[in-house]
Amino acid sequence: MPRPRKCRMVCRLPGASEFVPLDGRKDASPIVLTVDEFEALRLIDGEDYSQEQCGEQMHIARATVQQIVDSARKKISFALVEGRPLKILGGQYRLCEGGAARCGCCRAGCGRCLRNRKSPACGIDYRYTDHTY
């Protein structure tokens, strides 16, 4: 029997959850990118975290980060090449409560990044609800 999957820590949900090509196959079935795949890409490609730092942030092993990022990049590439819609939803994750001294919600690590309000240090808006699937 395989080990149960750990919930991955996610600091925030994406601002947009669906991308549709203007001149692609709009009626085609969408490619689904999970929220944890989005978060791993955000941390590694957007925030320049190493895989080890990303794993610490998401509370998963570095090897798992590599698997998640590989899967996410393949999905995004496939959606672009095939001209198919891309949706970001689902996955096994939990949203950060923002209480840790360096929760990762903002690069400054202000420790005041709480859901349902703006961080005073970086101005990022964290008014999100938990959408665990």
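**Helix packing and the nonpolar core**

Leu41 touches Gly46, Val69, Ala72, Arg73 and Ile76, leaving out residues up to four places away in sequence. The model described here is predicted. Leu41 belongs to helix 1. Its relative accessibility is 11%, and Leu41 therefore counts as buried, the cut-off being under 20%. Leu41 and Ile68 are 27 residues apart along the chain. Their C-alpha atoms are separated by 8.6 Å.

The largest nonpolar core has 22 residues. Those with the most contacts inside this core are Val35, Ala40, Cys54, Met58, Val65, Val69 and Tyr93. Several elements each supply at least two residues of the core. They are strand 3 (31-33), helix 1, helix 2, helix 3, strand 4 (86-88) and strand 5 (93-95). Val35 is in contact with Val10, Leu13, Ile88, Leu89, Gly90 and Tyr93, once its neighbours within four places in sequence are set aside. Val69, among the core residues with the most contacts, is also touched by Leu41.

Helix 2 spans residues 51-58. Cys54, Gly55, Gln57 and Met58 are buried in this helix. These four residues lie on the same side of helix 2, because they cover an arc of only 160° around the axis. An α-helix has 3.6 residues a turn, so residues three or four places apart point the same way. Glu52 and Glu56 are exposed on the other side of helix 2. The cover over the buried residues includes strand 1 (8-10), helix 1 (35-46) and helix 3 (62-82). Cys54 and Met58, both buried in helix 2, are also among the residues with the most contacts inside the core.

Most residues other than glycine have a negative phi. Asp48 is not a glycine, yet its phi is positive, about 60°. This residue lies in the loop between helix 1 and helix 2. Asp48 has a relative accessible area of 61% and is therefore exposed, the cut-off being over 50%.

His59 follows helix 2. It sits in the loop between helix 2 and helix 3. The phi of His59 is near 65°, a positive value in a residue other than glycine. With a relative accessible area of 40%, His59 is partly exposed.

Conventions. Residues numbered from 1 in each chain as written. Predicted model: local features only at pLDDT ≥ 70, side-chain atom pairs only at ≥ 80, totals over all residues. Heavy atoms only, no water. Buried < 20%, exposed > 50% of the residue type's maximum accessible area, 1.4 Å probe, protein only. Arc of directions from axis to C-beta. Contact = heavy atoms within 4.5 Å. Core = buried A, V, L, I, M, F, W, Y, C linked by side-chain atoms within 4.5 Å.
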